Amino acid sequence: MGPITAPSLAYTALSPLLFVFGAAAVGVLVEAFAPRAVRHPVQVALALVGTIGALVATLLLAGTEEVTAGGALAVDGAALFLQGTIAIFGALSVLLFSERAVDPARSAFVAVAAVPAGSVRDRELVTSTRVQTEVYPLASFALGGMMLFTASNDLLIMFVALEVLSLPLYLLCGLARRRRLLSQEAAVKYFLLGAFASAFFLYGLALVYGATGSVQLSAIRDAGVTEGGGTLLVLGMALLVVGLMFKASVAPFHTWTPDVYQGAPTAVTAFMAAATKVAAFGAVLRLLYVAFGTAEWTWRPLVYGLAIVSMLVGAVLGLTQTDLKRMLAYSSIAHAGFLLTGVIGLGPGDSGYGLAATMFYLLTYGLTTLGAFALLTLVRDGDGEATHLSQWAGLAQRSPVVAALMAFFLLALAGIPLTSGFTGKFAVFRAAIEDGAWPLVVIGLVASAIAAFYYLRVVVLMYFSPAAPDGPTVGVPGLPTTIVLAITAAATLVLGILPGAVLDLAQSAAVLVG
Amino acid sequence: MSDFPFLLAMIVVPAVGAAVLAALPATRQALARGLAMAVSLLVLLLAVLATVAFDPGGARFQLTTSVSWIADFGVSFALGVDGIALVMLLLIGVLVPVVIGASWDEQAAGTRSMRTYWAWLLLLESMMVGVFAATDVFLFYVFFEVMLIPMYFLIGSFGGPNRQYAAVKFFLYSLLGGLVMLASVIGLYVVSNSELGQGTFAFDALRQLDIDPGVQKLLFLGFFVAFAIKAPLVPFHTWLPDAGAEAPIGSAVLLVGVLDKVGTYGFLRYCLPLFPDASRDLAPLVLVLAVIGVLYAALVAMGQSDMKRLVSYTSIAHFGFIALGIFAFSTEAATGAVLYMVNHGIATGLLFLVVGIVISRGGSRQIRDYGGLAAKAPLLAGVFLLAGLASLALPGTNSFVSEFLVLIGSFPREPVFTILATTGIVLAALYILLMYQRVFHGPPRGVLAPPPDDAAPTDGGGSTAVLTAPAPARTSVLRDLSRRELAVLAPLVALVIGLGVYPQPLIDLIDPGVQATMSDVGVDPGGSAPEAPGGTD
């Protein structure tokens, strides 16, 4: 065995990753050495520099097609588009994390997470104005993992990225300042089920390695072509897909989603709903299109079935929800199904619109859902956020702007034309029909109609119902949340009315190397 | 002059008007309604000017505008009208100011404001113009869906006691239909992509496609379901009585008068020319539904105790006639159907308005709460009777011409269905005249009854509606039509009689468009424009 040589790294091509991981590493140091008073502004600034720097870097790198780090990382159009998308969602989420005007205790995160819920110290903490700042490096690490996930050209790197993005998320879920037991339950649940998913992924990895002798996606593809795959390879692929579908909250691997979305601090839920979904689908696309793109028959029935189950579960179970966060969780499951219809549209020889459509959909869905969750943080009662449906009755009279924005986001999630949700849905459905998957599209349309009912129910409550006398108050958002709402609402509108430029961008970025 | 983008202006002007109204402070109600009226009259003026600029003998689509919109999808923002669309625009232009005038003095209950009502109304007008003027199928779909939102808020915020249910039912039915249509729209795009090498949504290009008959049937069904829900054909109709009954009167007029016509318009504009083989093959199915609709809705209408529901059911019967005219595949019948769409908008609009006036006076939607009104309000009774007679297509009223054209044009091709539908006319006479008789004649009943033996009608629907007339006190029921109400109703009354006597200008406008459509389906357009039956010439 010869000496181990360090693989050559294309630092420029990896600069988006370096920005975010750099911000995370420096953030840990800040946490250790900076005085408490300046920590919060410094951490926020650092996290924003990391995410916005990464975004700028992806824009500057546009057009790069390069495999680096000894074939372990692929920097191509799809990776850069999705990394840029994750960076945008990351920056917006950091802004939501940093909101200090809404909660009377000045932050949505508990100051000392290790204090047992309900203890004396815990009650003291409720009124304490100490602010938790570890969330920013944690979020940055998660973002770095997500961005790595979308660029990984190697199953091992993909697994490492999966862990890097998951572990900080487990922690973040447990950090809610209010309803702490719910939050901790969410964290444990997410961790346990996440560990299962990781195990599935690892087992699949081992099987694929056994079948092909390599963990590199391109090598797996070549092995599949020359040796025709075999049961081992297909089984391994299926297990890998199961692991990824868990992160993407695709039914039937969705059971954690409603609980975790409900228990986690709302800003973290927004972060997970938007950014984790992008990362997970980035990996799904890369795995299926690069490693198994020439063996479409192996995964097509699987993805087909998952898409149907996910759309129907999300749409039907969403009907029974009475909590807005849970409702949006089921909406997220349904949207995962719609995204899978885009994944189906690979097309012969990569010619389909599937990749571009799925990437565009990820961008539109993430922005809309971030906006919707941001609004949830504003409507509060004495016990924190008022997320029960009945508490939103008559909100339009109390706060016309919040109600109008919420109605707009919900219509976008329902896919009404002139919102980004419609453009995205149109794109993925077109990709699927081009590929002959019209039964899937018909089911998707039926699911959209069912899901529209629960989005509409909120609109009905806000606009057509009389306000409850002891209803919630609507907080005045500080600058960060205002910025988030302005950006997400503007994007939802613009991507609905004039999506041409971004669609072109997605189309030209629809390149996978490796 | 004909270079002026009339259609674009007719979409933009009310949309901008709606935005301005929404931005006005809530205290400026009087300014808001004046502005709303001015904007709607401006749209009417634009519609009239567009008609002047339109040359019936010219190209099929005129006043066209086309801008590339979403190049990646092959979508353009393309507008243009043929005679069929143009008369619908005229109908919109006439009805919206009338509707605004009709709710001039109404107050919104609670914290709701009439300013919002006018704003939604104008936005609805903008969307309705768009849906008729679009010549790009994608654009049509966009307007088709977005149009639901203003109507949803109009019903849900300003409707009767059961408005939440009605609004959601309306929205979901239409949305479901729209989504099924979306599948077909995408399907059309994919077919065009494989046939032309480049996907497009342009109506003129899609019309040239030679689609496989099996695929045609599927795509046809997608469009058909959407339109059959919109124009409600039995069995897709159950949302309309609820929506029609709960909507405030002005919105009900636009809902039944214009919005639902998108369905029948869609049959004619999209189903027939795009899928000619499927249309011919599946026509018997549509005709069966149409005739069932005519008879079933007429029977159900007779059993209604709620006046607004009754009028809604009569509309379902009328939509059956229109569908019969369209799917009989003759130029005469189709011309009659288009004319029917206009005339039904006018006649039913008028009927809804007078019913609304009766309800606002009496505070109840129930027929049994009224009786002997004619003695106290002879003018109201007269207009009501005229609207009713127009609705049952008495010769001399506008509806007669269209119904006659539909029946006479359909008979040679579909004698059985035509004969069956004709019995619907008899039923129409029954339900209209029965309602008229119970409400306006006989001994004073209900709200007009002498005070001692009368418990105030509290069970009537209208009394808890969000939109109420200023003072629905018991005595106000004695009031005949005010001058404002007369002025609002007069244009429609004039149109009922005018178009009944001299419909030829409209027919001349409609006919070339219908002939072009018929030649798309492969039916010989045959000869000249039909003459108006019973006309003055």
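How many bridges join strand E3 of chain A to E4(A)? In this predicted model, where local features need pLDDT of at least 70, side-chain atom pairs count only at pLDDT 80 or more, and totals for chains, interfaces and linings use all residues, residues are numbered from 1 along each chain as its sequence is written. Chains are lettered from A and ligands numbered from 1 in the order in which they are written, and side-chain values use heavy atoms, with hydrogens and water left out.

The answer is two: E3(A), residues 379-381, runs antiparallel to E4(A). Strands here are DSSP runs of E with at least two residues, helices are runs of H or I with at least four, and both are numbered from the N terminus; two strands pair if DSSP finds at least two bridges between them. Across this pairing, A:Arg380 stands opposite A:Glu385. The open sheet has three strands in the order E4-E3-E5. Strands E4 (384-385) and E5 (473-474) of chain A each have a single partner strand, so one side of each is left without a neighbour in the sheet.

Turning to the two chains, the contact (heavy atoms within 4.5 Å) takes 33 residues from chain A and 34 residues from chain B. Together they bury about 3,200 Å², 78% of it on carbon and sulfur atoms; buried area is the accessible area (1.4 Å probe) that two parts lose on being put together, summed over both. One salt bridge (a side-chain nitrogen of Lys or Arg within 4 Å of a carboxyl oxygen of Asp or Glu) is counted between the chains. A:Arg430 and B:Asp72 meet in a salt bridge at 3.8 Å, N to O.
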